Amino acid sequence: RLRQAMDSGRPFRALPLSVIRGDQLRHLHIHGKRLEGDDGRPLGWRGVLTDVTDKVDAERRLRHLAHTDSLTGLANRYTLRDQVAAAMEQGRGTALLLLDLDHFKAINDSLGHTAGDAVLRAVAMRLRAGLRPNDLVARLGGDEFAILMPQTDDAQDVPRWAQRLVDALALPIEVESRRLRIGASVGVALCGDGAVGVDELLAQADLAVYAAKEAGGGRYVVYAPALGERSRRRLAIEEGLRVAIEQRRLSLHWQPKVDVAGWRIVGAEALMRWQHPELGRVNPAEFIAIAEQCGLIDDLGRWALREACRAATGPLAGLTVSVNVSP
């Protein structure tokens, strides 16, 4: 490269060269300018050579840190996205597996974060050992991991790998002389024809993980369009519920409590009802569970108690009014 630059006869700057000196690899930058006599004949070259090994090594370490999880040494979220995009561009079968540990929070809470970190490192080693050489294992953060399996033209083979991961992480992990059982839920998303983008593939795998968690954990779920429909319905209910609470679109119905000895109504139990503007009547078992998960249950409970008190001092005066409270 240096010879080519000098043969051109033009000045050059920061030409990178790497040379071996002893047993060390050194990185150099060279600036050069040709010297000419009064008659225009070349007399030689004048230049500056700078040893930039420390800078190059530092930049390499920064790149490594930017693309690697510092705790486990696995790839991180940014590297995963790049590799997923590259695998999808090749147009061959690609499988993305998202993995969420089932009982990790209990370990952090009871044994502390040092034990939790040891568990995460052990999980990383177990994942590496259980996959093919060209598969990418990444830690996304917390107790979430991802596995990219490129060149998986046999879609039936991916669930077998997912089950292997579930089985491998169901085995006890020894940490500080303790045998800990973690378990994992795995969501699988498949892409064979490039019809989806990176974000959509990640979202599909995430929905599948959520479904595996809902089913009790310790299993895998392969994404299907029905999961997407359920997710969209859940989002519509959550958004609609926020509006319904703000605009008081909920209502309480009253189920009588009857003293059968004299067939007298002695009390009433509040039953919450909600008519979604697009979905129609939504079952309380569905929207109350969503309210508990997304943090709206406190507002819902306060509204129900206020309305029940209003009814108890009005049309239901003299009766015992009961209101169910979310645990």
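What is the volume of the second largest pocket?

1. The model is a predicted one. Its second largest pocket has a volume of about 300 Å³. Lining this pocket are 15 residues, of which Tyr210, Glu214, Arg230, Ser231 and Arg234 are the closest to its centre.

2. Two or more residues of that lining come from each of α7 (198-214), α8 (225-246) and α9. The largest share belongs to α8, with 8 residues. Sorted by class, the lining of the second largest pocket holds 7 nonpolar, 2 polar and 6 charged residues.

3. The largest pocket contains about 380 Å³ of space. It is lined by 18 residues, and those closest to its centre are Met272, Ile288, Asn324, Val325 and Ser326. Elements contributing two or more residues here are β12 (264-276), α9 (284-294) and α10 (297-312).

4. In the largest pocket, α10 supplies the largest share of the lining, 6 residues. The classes in this lining are 12 nonpolar, 3 polar and 3 charged residues.

5. The antiparallel pairing of β1 with β2 (residues 24-36) runs over 8 bridges. Leu17 lies opposite Leu28 of β2.

Technical notes. Residues are numbered from 1 along each chain as its sequence is written. This is a predicted model: local features need pLDDT of at least 70, side-chain atom pairs count only at pLDDT 80 or more; totals for chains, interfaces and linings use all residues. Side-chain values use heavy atoms; hydrogens and water are left out. Two strands pair if DSSP finds at least two bridges between them. Helices (H or I, at least four residues) and strands (E, at least two) are DSSP runs, numbered from the N terminus. On a 1 Å grid over the protein atoms alone, a cavity is a set of points where a 1.4 Å probe fits but cannot get out, and a pocket is an open set with protein on both sides within 12 Å along at least five of seven lines; lining residues have an atom within 4 Å of a point. Grid points are joined across faces, edges and corners, and a volume is the space filled by probe spheres set on the points. Ala, Val, Leu, Ile, Met, Phe, Trp, Tyr, Cys and Pro count as nonpolar, Asp, Glu, Lys and Arg as charged, and the others, Gly among them, as polar.
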